[in-house]
Amino acid sequence: MSINGTYDPDNIFAKILKGKMPCVKVFEDEYSLAFMDVFPQSRGHVLVIPKKEPARNLLDVSEDTLGHVMNTVQSITRAVNTALNPDGIVVTQFNGAPAGQTVFHLHFHIIPRYENATMKTHASGKMADMDELTALAARINSAL
Ligand code: AMP
């Protein structure tokens, strides 16, 4: 998928927003949804997506929605820091398949880094244990 194109309403994050696919939710408001990445690159990897716009990537989204979503990205990053006490936190976002994007609904990755743990490569991790993800989501949510 190129950086340009049309939004696929059947992409996996659109299905999550419509309730057709489950997710391990961390936080939700009018504009954004934060949930655990099921193939985490490290412990506590969270994704934040816009709810209101069919934006494939950063180029598509309105400034208004982006502002709200970025507020959520900052809140979740702070909560991850408080809840999990990592040594660093990476925030990333990919536009188009050649850049590494695999799901074509705009999303931001919040990836804690721990000094003694190697971060897994993007889109290569194995599926996480759902009970562990649920417990991590609760810890992060309680730090909001
Ligand atoms: P990207 O490659 O930047 O498009 O990121 C997509 C991310 O979504 C990857 O980190 C995947 O591990 C993650 N992912 C894919 N399917 C799901 C799902 N059903 N629930 C949560 N995360 C997912």
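Colleague: Which N or O atom is 2.5 Å from an oxygen atom of the ligand?

Modeller: A polar contact is a pair of N or O atoms within 3.5 Å. Here, a side-chain N or O atom of D37 sits 2.5 Å from a ligand oxygen. Keep in mind that this is a predicted model, where local features need pLDDT of at least 70 and side-chain atom pairs count only at pLDDT 80 or more, while totals for chains, interfaces and linings use all residues. Residues are numbered from 1 along each chain as its sequence is written, and side-chain values use heavy atoms, with hydrogens and water left out.

Colleague: What do V38 and H109 do around the ligand?

Modeller: V38 has a polar backbone atom 3.4 Å from a ligand nitrogen. H109 has a polar side-chain atom 2.8 Å from a ligand oxygen. Of the 500 Å² of accessible area that the ligand has on its own, the protein covers 92% (Shrake-Rupley method, 1.4 Å probe).

Colleague: How many residues surround the ligand?

Modeller: To count, a residue needs a heavy atom within 4 Å of the molecule. That gives 17 residues here, the closest being D37, T102, V103, H109 and H122. By class, the shell has 10 nonpolar, six polar and one charged (Asp, Glu, Lys and Arg are the charged ones, and Gly goes with the polar group). Helix α1 (12-17) and strand β2 (32-36) each give the shell at least two residues; these are DSSP runs of at least four residues for helices and at least two for strands.

Colleague: Where does the ligand sit among the pockets?

Modeller: A pocket is an open set of points on a 1 Å grid over the protein atoms alone, with protein on both sides within 12 Å along at least five of seven lines, and lining residues have an atom within 4 Å of a point. A molecule sits in one if more than half of its atoms lie within 2 Å of its grid points. The ligand takes up the space of the largest pocket, whose volume is about 500 Å³. Its lining has 28 residues, and F13, D37, V38, F39 and L47 are the closest to the centre. Helix α1 gives the most to that lining, with three residues.

Colleague: What about the second largest pocket?

Modeller: That one holds about 210 Å³ of space. Its lining has six nonpolar, five polar and six charged residues.

Definitions and conventions: Polar contact = N/O pair within 3.5 Å; in protein donor to acceptor, adjacent residues only side chain to side chain. 1 Å grid on protein atoms, 1.4 Å probe; cavity = no way out; pocket = protein on both sides within 12 Å on 5 of 7 lines; lining within 4 Å. Points joined across faces, edges and corners; volume = space filled by probe spheres on them.
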